[in-house]
Amino acid sequence: MILTAMTLFLCAAMIGAALFAVLGRSLPIAILAAGLVSLVASILFLVMAAPDVAMTEAAIGSGLTTFLFFFVLGRVRRGEND
Amino acid sequence: MPFDWMKIPYALLTLFIVFNFGMLLNALIQKIGARVGRRYGVPIWQNYADLIKNYGLRSSITHGVMYYLGPVFRLTGGVGLLLFVPTIYGSEMFSNLSFAGDLILALYFVFFGTLGMALGAGESGHPNAAIGITRGLSQVTAAELPFALAVFSVALQYQTFSITDIVAVQQAGFTSWTLFTNPLAVAAAMLSFLGSMMRPPFDVVLAPQEIPIGPPTEYHSSYLALMQTNRAIFPIAKIVLYMSLFFGGAASWPVFFLKVFAIYMVSVLVGVAFPRFRVEQSIRWFLIWAVPLGVLSIVLV
Amino acid sequence: MIKRVIALTLLAGLGLLFLGLLLDYRPDTDLNLSARYYAERTAPDLGAANIVTAIVVTYRGLDTLGEVTVLFLSATIVGLVLALGRRRGQAPAGLAPVGELLTTGSRMLTPLILLLGAYVFVNGHLTPGGGFQGGAILASGILLLLLADPLRHFSHGLISAVESLAGVFYVAIGLAGLVWAGGFLDNRILPLGDLGALFSAGAIPVIYSLIGLKVGAEFASMLASLAETEEL
Amino acid sequence: MVDISLIAMATGFVLILIGLYGALTNGNLLRMIVAFTVADAGVNLVLVSVGYMRGRTAPILDSAVPAAEAVARIIDPVPQALVLTAIVIGLGVTALMLAYAYRLYEAKGTLDIAKFSELKW
Amino acid sequence: MVSALYILAAALGAAFLLGLLREERRGLAYGLTLAALGFMTWVSATWVWAFATTALPPVEIFTAGTPPPFAINLRMGMGEAALTLLVNLVGLASALYLKETLLQLGRRAMAVLLIAIMALAGLILTRDLFNLFVFMELMAISTAGLILLSADSRALGAGFKYLIVSQVVSVLLLIGIIFAYHVTGTLNIDGMAQAPALLATGIGAIAAFLILIALIAELKPFPANGWALDIYESAHPAYGAIFSAASGAAVIFAVDKVLPIGGAAWLPVATGVGIATFLFSNLLALPQTNDRRLLGYSSVGQIGLVLAVVGQRDVLGEAYGFIAFGLLVSNAVAKAGLFWLSGTIEQRGLTAWAVLRQRPLALFAFVTFLCVLVGLPPFPGFYAKWELARLLAGEGRMALLAAILLGTLIEAGYLFRWFGYAIKREPEAAAEGPRMQGAGLATGWNRALPIAAALVAAWGLGFLWGDLSGRGNLLLALPLLFALAFLVLDWLPAWVKNTLAIGGLTGFFLLTWQEYDPLRLIFAAIFLIGGSVILLASYETKGRRIGFYPSAMLMYAGLVMLIRATDAFGFFAAWELLTLGSYFLILRGKHSEPHALSYILFSLGGAFAILAGFALAGQGAVHLPLDGLAKVAEPLAPWVFVLLALGFMTKTASVGVHIWLPGAHAEAETDVSPMVSGILLKAGLYGFLVLLMSMGSQRLHGVELTHVLLWIGALSALVGNLMAVFQEDAKRLLAYSSIGQMGYALFGLALMNHLGWLMAIMFIINHYVYKSMLFLSVGGVAKRTGTRDMYRMGGLVKLMPLSFIAVLIGIIAISGVPPLSGFGGRWITYNALLDSEVRLPIVILFLAGPIAFLYLFRLIHTVFLGQLKDEHRRIKEAPFWIVLPQMIYVAVLLVVAVVPGLVLRHVDNYLDRFFPQGGLEWTGTVISSNYGYWNPISIMVIVGVIFATLFAWLLFVNRRAQPVKQFNIVFSGERPFRPETTHFAWNFFAPYRKALGFLTTPLATRFWEGITDLLHNAGDLVRRLYTGNGQTYAYHLLAFVVAVYLIRLGA
C-alpha cells in the first residue's frame, strides 16, 4: 500500500511538473520542469522494478536532455519568448 | 446494258417543249405581277426577244474559268434535273433519262446549279455578288430542308425512291394524290417551294431594289442568255418533281401544262400578296413553319 | 483560442482511444510466451545475469545497433547542421566566466566520472546499467569539462576515432557472430563463462562496452558541436 | 485496490496528452521540443507499466533470484528493453530538433514556428 | 549469395569507418561510400537474380542465433530482394548525382546518406515490429539530415516540420506496439498477425489501429502530408529522388507486411486512405507551378495509389505483386528520373523545363518518365493498370476503379500540361547577364549517368513487365519496334526517314493484307496505304525534323496494332499507343499546346472508359477476346456498351466530347492535320464497328443504346456542320466539318442495318480521301499566304489552280452533289434510313445536310474566289509534294465516283454476314436497293455531256474575251465595325448566324471549362490546408488519426 501511495504521489508530481513544463511562462523553468518529469519517472521506474530503465531515464532523460536544452537556450536568448 | 439511243432525241424533245412552256409561263407571270401592280406589263414574246438578243451578243471580258463555269453549272443543273425526272407518266418517250437514278438523284442535283452559280459569281470578285451568294445559300439551305423532309416522308409513305412508282400509286384517282394522303408533307413542301422559287417574299437574294441585283450583275451577253434559259427550264423541272410527288403526276401533256401552271401560280399569288422578308427572317420562317410540318409528316407517316 | 479548442478536441479523441486501452487493460499474471522464454533460456543459452541486457545486446541486438546508429546519426547531423550554420553565424552572447573552483573541481572529478561510466557498462550484463547508462555518464564527464572551460577545444579527432572504432568493431563482432556462431550479433563467439562472473556471457560485455564507448563519444560529440557554436 | 501499473499507465497517457497539447498550442520551437520530451516520458511510462507485474522483481538473476525460479519471480523484461531503446532514440531526436531550432533561429532570429512557413500550398 | 545482413552491415561499417578518415580525405570517403553502396546493390542484385532464375523459397535470416519470435529475424524473398535492389540502386545513383555536394559537405553527409539507405533496406527486410520502429526512426532522422543537402535555406524549416510529425507518429507507434505485445506476447510481425487474440480484444484492436495508422501516416496520407510536400519542394533533387522512389517503396512495403495484423477490416481502410490521397494529391497538384512540389504531390498520390492496391490484395490474388510492384517501380523510376532531371534545371517554374529542348536526349528521358508515371504502354504501369482494372471489375469494385482512373486522368492532365510547357513555352526570363550555351542547365557526367540509368530502367522494366504479363510483350510487337527504331534513326535527314516510313507502311500492308477480312482491310488500307499517301506531303519538309517520325510512326503502329488486335488487351494497348503518338504529333503544331493537352486528356479519359468497359466485360477473366464481348450477359452488357461507346466517342469527337478536335486539328502541321483527321478519327469508328459487331444493340433501362448513338451521331453532324459554318479559320472549318462527318458515320453504324453500315464505310473511305485532300490543300494555301484566316485570302484560283481543283472536287464530293462519290454516300444513306424505324434523328441529319454545303462553299469561295489580296499577288502554287497527294486523291475520288463497286461491293457482300437482309443489288452498272436505283456511270456521262456541251459553246462564243483584273468596289449593305469585318468573307453567313447562331453556343466547351475550373479551384482551395506551419501539420496528422478511428468505429 505504501507502494501505491508512493506511486500516486509520484504520478501527481509528474503531472504537475508536466503541466508546468507545458503551460509555464518561463522557458528555463519549463525545461527544468520537463527534466523533473523525467527524474520523477525514473524513480517510478525503480518502484516498478525496472532499474535499467530508471538509470537510463535519469542519466539521459533528465540529465543530458536538460543540459542540451540549456546549451541551446543560451544561444537563442532573444527567441525565448517568441 | 445496251443503251437505247432513241432516248436522246426524245429527251431533247422534252427539253424543247418545257423550254418554250417555261418562257411563256414566265412572261405570263410577269404580266400578272404587273397587272396586280396596276401596270401594263411586258408583251408575251418579250422574253424570247431578250433571249435572242443576249445570245447574239459577244462579250470581250472574262473573269476567269470559274466565271464561265457559273452559267454552265447553272444550266447543267436545270437541264439535268429535268432529264433525270420522268416528265409524262407512262410514256416511255417522255421518261427522259430517269434510268440514271431515282428521287435522291433529283433531290441532290438541285444543288448542282446553285453551287455552280455561286462559284461563278464568286469568281467575279464583285462584293455584291458575295453578299447575294451568302444570302442565297443561307435561304436556299433553309428552304430545302422542309422539302427534303417532305420528300423523305413521301418515300417512307410509298416505301420507294422511284419517281415512276410514286406517280403510279397516285394514278388511282383524285383522292390518291399525296396531297390528300399525306397533306402535312405537301404543306411543308409547298412552303419550301415558295422559298426556292426566288419570288417574293423570298427574293431578297436577287434584291433588285436594294443592291444592284446580286450575282447576275456581272453576267451579261451569252452568260446571261444561258441563265435566262435556265430560268425558263429550272422552275418547270422543279415543279415537275413536285407534281410527280404530290399531285399525281401527269399522264399527258395537257394535264402537265395545267398542273405546272397551277403550281406555279401558287408562288406567284403568295409573292404578290406579301412583303419581302430579310434573310434571317425567312430562315426563321422556314424553321418555325415549314420544318415542323415536315417533321410531323415524317413522324406521322 | 480556436487553436486550443481544436487541440483539445483532437486530444480528446486521442484520449478516448487511450481510455479504451486503459479500461480494458488487465495486467499479466504470468509471463507471456516471449518473456517466459527469456526467463528460462537467457542464463543457459547466453550466460547473462541481467536479462534486460541479454535482450538488449543479443536477442534484440539489431535494435540496439540501430539505436546506436540513431545516436550516431543524430550526432552527425547535429554536427552537420551546426557546421552549415557556422559559415555565417553571428556571435552569440558569451557565457559568464566560470570560477576557479569549478575548473579545479572538474579536473579532479572527470577521471572519476569516466571510471564510473566504464564500470557501469562493463558490468552491464550482471547488474542494472550498461552501455547507454555508462555512455551517458562518460558524456557527463565531458560535459563537466565543457562547463568548466567553455572555450576548450575538444579533439574532434579523438572523439570521432573512438566513435568510429567502437562502431566498426560492433559491426565486426556482429558479423563474427554470423560467421562463427548462430547469427548476426550472436554473443556466443566467446565462451559463456559462469553466470554472474565479470567475464561471462560471451561477447555481451564486449559489445556493451563498445556501445558504452560509442554512446559516450556520440553524446560528447553532440555536446562539443553545440558548445563550439558559441565560439563565433 | 488499483494496480500501480494502471496508475502509472494512466499517468503516462495523461503525460502524452499534456505533451501533445503543449506541442500543438505553443508556437515557440523550444517549447514544442520541451513538450515532446514530456510526451516521450509519458510513452516510456506506459511502456514500462505494461511490463510490470505485481509482486515480482527486476529481471536480473542473482542470488535473490536464481535462474531456476526466474519464471515465477521476475517481471517481463521485454518492455524494459524496448524502453531503453526508446529513451535513447528520444534523446537523439530531441538533440536533432534542438540543433534545428538553433539553426532556424540563426536564420531568422525567431523561434516562432509560424514564421517558418515559406513553403506551403 | 551473401546474407542480406551484409547489406545493413556494409552500410553501417562504412558509415562508422568514415569517421576514421580525416576531413581532408574527402575523395577517399566518397569512394568508400560509393563502394559500400555498390556492394549493397550487388548483394541485392544477386538475390534478385537467384529468386528470378530458381524456385528459391524466401530465406529467413535469424539474428543472435535464436529463432523468432525470441530474436529479431529478417526475411529475404523476391519482394524484399527487388525492393532492396531498388533502394540501393536509387541510393547509389543519388550518391553519384550528389558528388559535388557530398564532397563539399564531407564525410558526415556521406555517413548520413549511407545510413538512410541502410534504414530503408532494414525497413524492408525486418520481420520484427519494434525493429521496424527503430528503422523508421532511423529513416526519419536521416531524412531530417539529408534535407540539409539542399542549398535551399527553406529546407531547414521543412526538416523541422518533419521531425514534429515523426515525433507524433512514434508516440502512436510505440503505444501501439507495446499493447500489441501485451496481448500477443510477441513482437514478431508474422507471429502477431497469426495470434488470434489480438483482434479479439478491445486493446488489441486499438493497438493494431495505432500501429497501422502510424505506419500509414508515414506514407503521407491526405491531408496529413503537408510536411512531405515541403520536403519535396525544398530538398536537394537527389534526395527528392530517394524520398520518393526509395522511402516511399520501403514504407509501403512495411505497411504491406504489417497490414495482416489488422486483419481483413483494415484492407478497406488502406484502400480508402490510399484512394483519397491519390485523388486529392492529384487535384492539388493541378494548380502547382513549382516543379518539385508538383512532383511531390504526384509522388504522394502514387504512393496513395499503391496503398489502395495494397488494400485490395484480397481480390488481386496472384497478380497482386505484379500490380503493386508495377505501380511502385513505375513511380520509383519515373520520380527518381524526374527529380534528377530537375536538378539540372536552374529555375523552379514549370516552364523553366523548356531548356530541355536544347538536349533531345534529356527531353526524351523527360517524356519517357511522364509516360511511365501515367502508365502508358509499353511501361510497367500500363500492364499493372490493366490487371488492376480487370480484377477490380471482376469483383464489382467499379467505384474504386473509377476513382483510380479519375485520379490518373487528373495526373495525366498536369503532367502533360507540363510537357506541353516544356515543348512549347519559352523559359521564364533567363537570369540576368549574358549566358553561354546551355543556359539554365547544369550537367556533368555524374548527373547524366543516373538519369540515363533511370531511362534505361524504364524501358527495361517495360520489357520485363511485358514479359511477365503473359499477354505478349508490346516491346516485341513489330509495328511498335518499327516506330521505336525511328528514335534511333532520328539523326537521319527527313527525306530518308520519310522514305523508310512510307516503305514500312506499304511494306507492312503488302505483307499482311491477306490476313484481314474486308472490313478490316478497308481500315488497313486507309491506315497504311492512306498513311503513305499523306506522308508523301512530308517530303516537303527539309532538315531532320527531329521527333516527327517517331511520333507519327508510333501513331501508325498503334493503328495497325488496333486492327490486328484480337483480344481486349491488345486493342487497349494499341489504343493508348496511337493516342500517345498522335498527341506528340499534334503537339508539334506551332500554337497547339493547349489543344494537344485537351486532346490527350479527352483521349485518355476515353481510353479509361474503354479500359473500364473491357474490365467490366471480362469479369476478371484473364483473356477477353474481342468477339467475347458478344457473350457478356445482361445486367452488365449495356454498361459495357456505354463505357466502350463513350471511349470511342472521344476519338470520333462526337458532340459533347468534341471540343478537343477543332484546335488539335487546326493547329497541327500541314501534313499532320490530314493524318490526325483523315486517319486517326477512323480509329474511333473502328472501335464502334468492333463494338457493334460483337455486342449488337443493347438496352439500358428500356432505352435502346444504339438509338442514343443515333441521336448523338445526328447531333454531331448538325453541331459540327453548324460550327464549321461560322469559322473564320480555314483549318478550323475543316476540323469542325470532321465532327459532322464522323457524326454521319456514327449515325450509319447506329442504324444497325445493312445499308447503314455500308453508308458508314462509304463515309469512312470518302472522309479519308476528301478530308486529307482538303487539309493538304488548305495547308498548302496557308503555307503560301502565311495565314489560315479565310478573310485574309481570296482570289487564289489563278495562282493556285491545282489546289483549287482539289478543293472544288472535294467540295462537290462532300456535299453529296452528283456526280461525284459523295452522292453515293447520300444515296446509301437515304436507303438506309428508309430501312430503319427511326424518325426524329433523321430530321436532325437532314438539317445538317444543307449546312455542310454552306461551309464548304464558304471555304472555296473565300479562299479561291473573290478578290485577290494585294499582298498575295506573287504567291506560287503549293509545293509539289503537297500537291501530289491531292492529285492522287482527285483521281481516287473520280474513280470511286464512277465505280463505287470496286470497294463497296465486297463490303456489301461481307456485311451479309451480319445483316443478311437489305443488301444492294449490283447488276451491271446499276446499283439498286429495295427502294431505288442508281447508275453512277450514267449520271457521270449525262452530266458530263451536258456540262461539256455548254462549256464548249460558251468558250467558243466568247473566245475573244480578255481576262480583266478584279477591282475594288466600295462596300454596301454591311456596316464595318472591326477592321477584318470590312472584308466580305468576314462573318460570311451573317443571316444564318442571326437565325441559328444560338445553336452554336459553345455549351460543351463551357461545360468542360467549368469542370476544369472547378477542379482547379477545388485544388486551389484545398491546398490552403497546407499553411506551411509545422504545427498545423501536426494538427492534420492528429485529425487524420482521429478521423480514421471514428470512421472505423462507425463502419
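**Chain contacts and local features of the predicted assembly**

Chain B and chain D do not touch, and their nearest C-alpha atoms are 54 Å apart; two residues are taken to be in contact if their C-beta atoms, placed from the backbone, lie within 7 Å. The model is a predicted one, in which local features need pLDDT of at least 70 and side-chain atom pairs count only at pLDDT 80 or more, whereas totals for chains, interfaces and linings use all residues. Residues are numbered from 1 along each chain as its sequence is written, while chains are lettered from A and ligands numbered from 1 in the order in which they are written.

Helices (H or I, at least four residues) and strands (E, at least two) are DSSP runs, numbered from the N terminus.

In chain E, three strands form an open antiparallel sheet in the order β5-β6-β7. Its edges are β5 (921–923) and β7 (933–934), each with a single partner strand, so one side of each is left without a neighbour in the sheet. β5(E) pairs with β6 (residues 926–928) of chain E over three bridges, and E:Thr923 stands opposite E:Val926.

A further interface joins chains D and C, with 39 residues of chain D in contact with 48 residues of chain C. α1 (4–25), α3 (70–73) and α4 (78–108) of chain D each give two or more residues to the side of chain D that touches chain C. α4(D) gives the most, with 15 residues. This side of chain D has 28 nonpolar, five polar and six charged residues. Chain C itself has eight helices and zero strands. Buried residues make up 56% of its 232 residues; a residue is buried if 20 or more other C-beta atoms lie within 10 Å of its own, exposed if 12 or fewer, and partly exposed in between, with C-beta atoms placed from the backbone.

Helix α27 (residues 637–652) of chain E has 16 residues, which at 1.5 Å a residue should span 22 Å, in agreement with the 22 Å between its end C-alpha atoms; the expected span is 1.5 Å times one less than the number of residues. Of the 16 residues of α27(E), 12 are buried, so the helix is largely enclosed by the rest of the structure. These buried residues include E:Phe641, E:Leu644, E:Phe648 and E:Lys651. The buried residues of α27(E) pack against α26 (593–618), α29 (672–695), α30 (705–725) and α31 (730–751) of chain E. α27(E) is followed by E:Ala653, whose phi is positive, near 55 degrees.

Backbone geometry was also examined in several loops. Most residues other than glycine have a negative phi, and most peptide bonds are trans. E:Gln619, in the loop between α26 and α27 of chain E, has a positive phi of about 50 degrees. With 16 C-beta neighbours inside 10 Å, E:Gln619 counts as partly exposed. B:Asn96, in the loop between α3 and α4 of chain B, has a positive phi near 55 degrees. B:Asn96 is buried, with 25 other C-beta atoms within 10 Å. A cis peptide bond, with omega about 0 degrees, joins E:Phe222 and E:Pro223, and another joins E:Pro377 and E:Pro378.

Note on methods:
Nonpolar A, V, L, I, M, F, W, Y, C, P; charged D, E, K, R; others polar. Pairing = 2+ DSSP bridges.
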